[in-house]
Amino acid sequence: MPAVSSGRDVRFLDPAVIARLGSMELKARTIVEGFLSGLHRSPYKGFSVEFAEYRQYLPGDDLSTLDWKVYARSDRHYVKKFEEETNLEGHLLIDVSASMAYRGDAPMSKLEYGSVLAASLAYMMNRQRDAAGLIAFDQRIVSRLPASTRPGHLHSILLTLERIRPGVRSDLGRPLHQLAEALVKRSLVVLISDLLDEPEPVLQGLKHLRFRGTDVIVFQVLDPDEIQFPFRTASRFRDVESDVQVTADPARVRAGYLQALSDLQAQYRRELRGVGIDFVTLDSSKPLDFALLAYLAARERRL
Amino acid sequence: MSFLYPAFLVGAALVALPIVLHLMRRDVAPEVPFAAVRLLRRSPIERSRRRRLRDLLLLAARVAALLLLAGAFARPYVMNATAGSRLTIVAVDRSFSMSAPGQFDRALRLARQAVDEARGDRIAVIAFDQRAEVIASPGTRGEARRALASLGSGFGATRYAAALDKAVELAESGPATLVLVSDFERHGLDAGTPALPVDIDLALGDVGVPRTNAGVTDLHIEPRRVVSSLRNTGVTPRSGNARLLADGRILKTVPFSLAPGASADVAFDTASPVGGSVSVSIDDPGGYAADDVRYAVAAARAAPGVLVVGGAPGSPAGFYLTRALQVGGADGADFTVRSMLPGAFARLTAAELSSYSAIALLSTHGLDRGAGETLRAFLNAGGGILIAAAPDVDATVLSTLFDWRPAITSADRQGPAILAATDTRHPIFQPFGALSANLGQVSFTRTWRIEPVAGWRILARYTDGVPALIERAAGRGRLILFTSDLDRRWNDFPLHPSFVPFVQETMTYLGGRAPASSMYLVSDVPSGVEPRPGVVTLPDKRTVAVNVDARESAIDRIEPTEFRRLLARTAVDGGSRGERLAAQVEAHQNYWQYGLALMLIALAAESVIGRR
């Protein structure tokens with residue numbers, strides 16, 4: 001994954017700044033505009049919204065779509081895409097289970113971070129005239145907005161994200177299977193979750209989606225506490241979903257925990273890469289640009 | 001080490017509590033919500049070495065505090081070798097009869113000799129007159145000698161019982177030897193025959209008495225002269241000059257001459273009444289110095305104070321009563337009268353009322369519960385209160401003020417009535433004699449009709465049987481209720497000749513408090529006053545004379561052999577001797593105080609460690 005240029009102003013992508021902003025729309029707009037303004041000075045100019053209807057000609061493209069006027073002016077080959085053809089149907093899947101409400105010392109909980117990410121992606125899709133849909137779920141689908149490009153739909157998505165409250169236990173496998181069955185058109189599915197459940201059902205669900213021809217990008221959102229396990233004193237760690245308690249001395253279990261987390265991520269990465277799914281781990285205390293870049297890369301591939 | 005109350009050591013079993021709690025200490029790890037518990041492995045919590053050390057120190061501090069507490073309550077002591085050894089008590093008479101030249105030096109020589117010859121290592125020294133004081137607790141020879149070095153004769157009178165009782169108290173723990181150094185004045189046995197347990201050996205150090213002594217044995221002030229009594233208690237005739245002094249100046253000198261054993265009054269005539277304090281002194285170089293001077297204070301003729309509540313100066317209320325009380329003979333009025341409104345009275349304190357002998361209550365308006373408490377305190381202190389029924393007096397308020405149970409109830413009674421003394425032997429009516437019938441000439445037009453209730457004594461009634469004058473005791477004082485007015489509103493009593501004697505006799509009866517003494521003996525001075533002859537001002541502002549007990553001036557001694565014979569010897573309760581010895585040793589060592597101090601230190605340490 002290409003890195004963002006270091007000269008870019010990332011103030012507007014910092015979660016600590018984002019958390020202080022008011023509405024979800026303001027947050028999404030701030031992030032996306034900030035991201036895109038930086039992107040114009042980056043090697044990713046081609047993904048900016050001004051060039052959304054054009055793409056460089058690649059061998060195999062239909063010559064009838066070649067824009068000859070542009071070729072005449074610029075001596076370069078660009079493919080002109082019709083709007084209905086170029087537009088994606090993006091589905092944002094956000095896990096709202098209780099574990100997503102966890103927040104250590106980060107400015108935002110994982111759910112808030114994921115919501116802002118989903119809002120940013122929705123905003124970006126809207127700017128690119130892609131149809132955006134939203135599905136919030138824990139062990140069942142708690143909210144669903146079908147993908148649409150109609151005016152006002154973005155506002156509905158942002159409003160829904162703003163009103164999201166943590167649910168109960170998560171069971172990602174079932175909603176993913178339901179979605180795979182429901183999608184009749186090839187589309188892009190963005191899954192935002194901490195993926196701390198049993199991985200097998202989730203992998204099965206994602207593979208099911210992929211089997212149906214859907215492009216999938218998975219964002220695993222983790223709190224810094226979960227990534228670094230910075231605890232020092234012996235504690236009774238209570239699972240926020242199951243209330244299971246584990247008494248442990250952090251000094252003794254830290255290495256094992258970090259290894260288990262690394263193994264889990266490696267399993268996801270390995271299994272998903274095998275079926276062509278991007279797997280991106282996000283730290284809820286870090287800026288969102290990494291996630292947006294990952295999205296753009298996936299979109300590019302889709303197109 | 002032994003314990004005076006070993007049963008308290010059972011309390012030491014409480015140390016098991018922190019130990020058990022320490023051993024049973026559960027993991028008190030705090031609960032931390034976490035989302036990735038599935039990835040955690042359970043691990044036993046091992047406390048750090050630092051924490052384990054802290055816990056052990058905490059446990060040690062708590063255990064130590066409990067042990068020290070139990071130990072302190074058990075009163076530990078160590079019975080050392082000297083504790084059980086024989087005690088020698090040297091009791092030195094320091095009454096003023098030991099103040100003849102060279103007499104007390106002989107006493108100190110005998111006392112030092114007794115200290116040097118004492119068997120055993122424990123020696124105590126007592127100085128006594130009418131009281132006994134331990135000036136050296138059972139201890140070493142050096143301590144006893146140092147105590148003797150600061151001893152001198154005083155102004156008290158000899159009481160052997162005081163010294164012997166104190167010796168018995170000191171010797172509670174075992175056998176002892178008492179060395180009694182005295183001049184053996186006979187009157188020292190006046191308080192009764194002293195007793196001594198048989199296990200206390202008695203040795204007598206006879207200081208002897210002087211051959212001559214003359215003293216002033218009495219002094220009183222009359223209106224135009226001062227009379228003193230002189231006594232020669234020696235065996236040779238004495239003559240000289242008696243001097244009357246006031247404010248350090250010699251007012252008069254009168255010669256005297258006394259045969260051996262004789263007494264005589266010496267009068268000092270004065271041109272004007274003597275006020276303040278005077279003293280009479282003589283020269284007596286060979287006798288006791290303390291009885292060569294005697295002091296007296298001229299007692300002011302203090303008319304009893306009466307406070308009239310309800311009649312302010314210039315107002316008609318209380319006018320007749322005040323005037324009747326201010327009537328007096330050649331020496332002035334019999335009463336000092338002050339009038340006050342009830343509102344001002346309510347602000348007075350019990351201490352401010354103490355200067356009055358009686359109170360006449362003619363109004364209850366403005367009197368609150370605080371005033372009631374003041375009035376009850378006045379009664380309890382021996383004061384008297386006269387209440388006259390009047391338009392301004394409410395019977396219900398009276399019952400509340402004085403906390404009368406049952407309360408009195410009054411109804412208005414209109415119409416003519418005639419007073420008749422029921423108890424003519426009562427101090428109020430007794431001076432009237434047969435003339436008490438003259439009270440029947442008073443014309444009453446209105447009175448209270450009071451139903452007699454328990455606690456009241458009826459002194460006079462109206463002819464229809466309704467109580468007219470009733471009395472009740474309250475604390476050390478008394479209270480009289482007159483059921484009609486004293487201001488000529490409900491009767492014409494103030495216009496009758498019998499009014500003044502009635503009012504004065506009533507107030508005399510109510511205010512009959514014993515006059516305070518103006519002379520104290522050295523042995524009886526109130527607390528806070530130095531027990532030495534002279535003129536002093538007491539805390540209550542009274543000026544009084546303090547004199548020595550004249551009986552001590554007598555050279556009437558008892559032979560030591562007779563003293564020994566008169567002494568009662570009592571059996572010893574040997575069963576508790578060990579306990580008494582232990583108690584004495586423990587009281588001397590006071591290890592429990594160190595135990596408690598250490599316990600506090602342990603608790604402070606526990607607090608400091610616990611915060612870390």
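First, the ground rules. Residues count from 1 along each chain as its sequence is written, chains are lettered from A and ligands numbered from 1 in the order written, and side-chain values use heavy atoms, with hydrogens and water left out. Because the model is predicted, local features need pLDDT of at least 70 and side-chain atom pairs count only at pLDDT 80 or more, while totals for chains, interfaces and linings use all residues.

Let's start with chain A. Its secondary structure comes to 11 helices and 10 strands. Those are DSSP runs numbered from the N terminus: helices are H or I with at least four residues, strands are E with at least two. Of the 303 residues of chain A, 52% count as buried. Buried means under 20% relative accessible area, exposed means over 50%, and partly exposed is in between, with a 1.4 Å probe and protein chains only. Chain A exposes about 14000 Å², and carbon and sulfur atoms supply 50% of that. Areas come from the Shrake-Rupley method with a 1.4 Å probe; for residues, only the protein chains shown count as cover.

Now contacts, meaning heavy atoms within 4.5 Å. Take those in chain A between residues at least 6 apart in sequence: 74% join residues at least 24 apart.

Next, some loops of chain A. Ser187(A) sits between helix H7 (173–182) and strand E6. Is Ser187(A) buried or exposed? Ser187(A) is buried, because its relative accessible area is 0%. Its C-alpha atom is 5.9 Å from that of Gly90(A), 97 residues apart along the chain.

On to Leu195(A). This residue lies in the loop between strand E6 (188–193) and helix H8 (199–211). Most residues other than glycine have a negative phi. Leu195(A) has 1% relative accessibility, so it counts as buried.

Asp243(A) also has a positive phi, near 65 degrees. Its loop runs between strand E8 (235–239) and strand E9 (245–248) of chain A. At 47% relative accessibility, Asp243(A) counts as partly exposed.

Over to chain B. How many helices and strands are in chain B? There are 14 helices and 32 strands. Chain B has 612 residues, and 47% of them count as buried.

Look at Ser279(B), in strand E15 (residues 277–281). Ser279(B) counts as buried because its relative accessibility is 9%. Leave aside neighbours within four places in sequence, and its contacts are Leu219(B), Arg243(B), Leu244(B), Leu245(B), Val293(B), Arg294(B) and Tyr295(B).

Now a helix pair. The axes of H9 (residues 369–380) and H10 (residues 395–402) of chain B come within 8 Å and cross at roughly 65 degrees. Axes are lines fitted to C-alpha atoms, for helices over the stretch in contact; angles run from 0 to 180 degrees between N-to-C directions. On the H9(B) side, the contact residues include Leu375(B) and Leu379(B); H10(B) brings Thr400(B), Leu401(B) and Phe402(B).

Last stop, the surface. Met1(B), Val78(B), Tyr591(B) and Tyr594(B) make a nonpolar patch of about 420 Å². Tyr594(B) is in helix H14 (residues 591–611). With 53% relative accessibility, Tyr594(B) counts as exposed. Patch residues have over 30% relative accessible area and no salt bridge; like charges are joined within 9 Å, nonpolar side chains (Val, Leu, Ile, Met, Phe, Trp, Tyr) within 5 Å. A salt bridge puts a side-chain nitrogen of Lys or Arg within 4 Å of a carboxyl oxygen of Asp or Glu.
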